[in-house]
Amino acid sequence: MNIRNVAIIAHVDHGKTTLVDQLLKKSQTLEDREKIDDRVMDSNQLERERGITILSKNTAVNYKGYKINILDTPGHADFSGEVERIMTMVDGVVLVVDAFEGTMPQTRFVLKKALEYNLKPIVVINKVDREFARPDEVINEVFDLFIDLDANDEQLDFKVAYVSALKGTSSMDSDINTQKPNMDAVLDLIISEIPEPNVELDGPLQFQGSLLDYNEFVGRMAVGRIKRGTIKTNEMVSILRNDGSRKQFRIQKLYSFLGLQKQEVLEASAGDIVAVAGLSDINVGETLCTIGFEEALPPIHISEPTVEMTFGVNSSPLAGTEGKFVTSTKIEERLMREVQKDVSLRVKRVGAGEEWTVCGRGELHLGILIENMRREGYEFQVAKPKPIIKVIDGIEYEPFEYTSVDIPNDSVGTVIDLLNRRGGILEEMNNGMSQTRLIYTIPSRGLIGISTDFMTASKGYGSLSHTFLEYRMIESVDVGSRKLGVLVATEQGKTTTYGIGQIEDRGVLFVEPNTLVYEGEIVGECNKEEDLAVNVIKTKQLGNQRSANKDNTVVLKRPRMMPLEVCLEYINDDELVEITPKSIRLRKKILDTVERKKFDSKRLALKKEGK
């Protein structure tokens with residue numbers, strides 16, 4: 001069978017998507033009129049802005065008489081649901097590793113998933129032209145990682161290609177001088193090393209959707225591999241639902257993939273990857289069968305979420321003034337739509353109120369959902385991210401993460417102190433000439449909100465990556481909460497230069513003059529541990545013309561920028577982030593100043609009593 005199905009897997013920013021670009025270009029699959037942008041597979045706006053892959057995507061190339069279906073997967077562990085789903089569609093993986101950075105936490109995560117599915121690996125050492133590249137050392141690291149993950153003898157006998165995806169060159173040798181201006185080394189290895197699809201060409205149809213796609217003309221489509229038989233347009237088929245029920249429907253459209261295009265086809269055979277349209281509520285993991293020969297394929301196992309957040313209807317004084325979709329009905333519909341295409345997400349309504357518990361694989365996973373909803377016109381509020389606690393035999397367990405840190409040598413002491421205060425356990429330390437790599441095991445709650453503190457501790461030169469390890473018993477360590485208090489507005493109105501100037505020495509402001517604020521909104525960070533109520537809309541009492549002119553010469557410090565990710569990390573348990581298409585605001589859960597002070601006093605008294 002002249003078909004090969006392969007997934008490209010790697011750590012974040014090791015060059016998966018750029019490699020796919022080059023495979024498309026160098027295989028001569030694209031027609032002359034098709035222009036290819038850099039990172040063409042990152043078609044989502046947020047993906048292009050952030051330089052990361054969020055959604056798995058598939059393409060195909062023609063090479064030497066073979067059709068090679070290629071799936072580009074996310075490298076970040078927060079999008080692990082995307083990685084796990086495509087493992088059921090492929091027969092091998094191309095593991096891409098940076099020739100300088102070597103193996104990283106997500107390298108471990110994605111390779112572990114591939115080995116669990118018994119997939120044949122090929123290793124591609126990328127960025128061999130990078131300064132200080134160390135391809136031979138990195139190969140040894142990769143081999144050690146395979147052994148550490150209990151790879152079998154066949155998987156350990158992996159073949160290696162060396163490439164510069166940025167320049168479009170490849171070779172079978174680590175010597176940079178042997179690089180050739182093509183991707184033949186990688187493509188030839190895929191054909192020779194990746195086995196043909198393990199499927200049955202004859203027999204009744206079996207097809208399982210592993211990904212979901214959408215087309216404005218035909219609606220939702222299931223993307224997956226045909227496991228057995230042939231599928232045809234206009235054919236009546238039976239679907240075995242995830243809930244155990246069955247339903248019959250007609251195949252409305254059938255699409256195959258090649259290059260940048262979906263091609264409408266009349267039929268496709270076992271082994272190929274196709275998109276099927278015709279059922280508006282088709283879901284991941286459901287099996288299509290020939291009527292009368294219903295036989296479900298094994299369910300697709302997905303790792304459980306580890307972080308949860310509470311989403312709620314916006315309850316601030318400015319609610320409904322900036323968003324298009326503001327009601328509980330609209331927010332719930334949107335969350336449920338997301339659950340249908342993101343199998344790593346869980347949504348549960350909290351009682352009969354207007355709140356939902358949304359569970360995901362990490363802060364980034366949930367942050368992407370929040371940002372997408374905001375751009376679509378939704379208005380809502382979210383609480384602080386929290387790790388999901390499991391209770392087993394009356395004992396509470398929390399998620400721990402395998403964490404890798406690369407920092408300059410002069411930052412080691414500061415970073416170790418930070419990670420230790422976050423409940424981290426130092427497992428390994430490797431010193432280089434200028435860089436040090438630390439391997440830690442850290443509770444998930446210790447990693448929530450760590451980004452800003454980590455960049456400060458590493459002077460902006462550090463990188464921190466983590467992936468879920470296991471659940472462990474909760475230790476009585478207070479980690480993950482902000483130590484400094486905040487400046488909280490006492491009045492509603494527009495901020496003034498005079499009002500801000502009066503409190504600048506009390507901390508760092510988040511707002512500038514002429515910004516609309518309300519009572520209970522957080523307008524800055526206090527330089528002490530307790531919160532401080534402030535009046536930032538206060539105006540100067542003018543007695544004469546001279547005083548009025550003098551106010552124009554006041555020079556204020558620039559406010560601290562607080563983008564969405566920083567806000568989600570920043571808040572404490574008694575605070576919320578208000579999300580609208582136009583604004584992102586921090587606020588207290590209790591807006592009334594007097595009521596909040598009473599609550600804080602009562603909470604402090606209980607804390608002193610040890611309750």
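Analyst: **A loop and its surroundings**

Lys-459 is exposed, with 54% relative accessible area (exposed is over 50%, buried under 20% and partly exposed in between, using a 1.4 Å probe and protein chains only). Before going on, please note that this is a predicted model, in which local features need pLDDT of at least 70, side-chain atom pairs count only at pLDDT 80 or more, and totals for chains, interfaces and linings use all residues. Residues are numbered from 1 along each chain as its sequence is written, and side-chain values use heavy atoms, with hydrogens and water left out.

Lys-459 sits in the loop between helix 12 and strand 27. Helices (H or I, at least four residues) and strands (E, at least two) are DSSP runs numbered from the N terminus. Lys-459 is not a glycine, yet its phi is positive, at about 60 degrees.

Ser-458 is also found in the loop between helix 12 (451–457) and strand 27 (463–473). Ser-458 is buried, because its relative accessible area is 0%. Leaving aside residues up to four places away in sequence, Ser-458 touches Ile-407, Pro-408, Ser-411 and Val-415 (a contact means heavy atoms within 4.5 Å).

Lys-127 belongs to the loop between strand 5 (120–126) and helix 5 (135–148). With 21% relative accessibility, Lys-127 is partly exposed.

Arg-421 is exposed at 52% relative accessibility, while Asp-417 is partly exposed at 41%.

By this rule there are 32 salt bridges. One of them joins Arg-225 and Asp-91 at 2.8 Å, N to O. Arg-225 is in strand 9 (residues 219–228) and Asp-91 in the loop between helix 3 (80–86) and strand 4 (92–98), so this pair ties together parts that are 134 residues apart in sequence. Arg-225 and Asp-91 are both buried. Salt bridges also link Asp-531, Asp-574, Glu-575 and Lys-588 in a network.

Buried residues turn up in helix 1 (residues 16–26) too: 8 of its 11 residues are buried, so helix 1 is largely enclosed by the rest of the structure. Among them are Leu-19, Val-20, Leu-23 and Leu-24.

Finally, the nonpolar cores. In the largest nonpolar core, which has 40 residues, Leu-95, Val-123, Ile-125 and Phe-146 touch the most other members (a nonpolar core is a set of buried Ala, Val, Leu, Ile, Met, Phe, Trp, Tyr and Cys residues joined through side-chain atoms within 4.5 Å). A second, separate core of 30 residues includes Val-307, Ile-331, Trp-356 and Ile-370. In soluble globular proteins, nonpolar side chains tend to be buried together.

Technical notes: A salt bridge is a side-chain nitrogen of Lys or Arg within 4 Å of a carboxyl oxygen of Asp or Glu.
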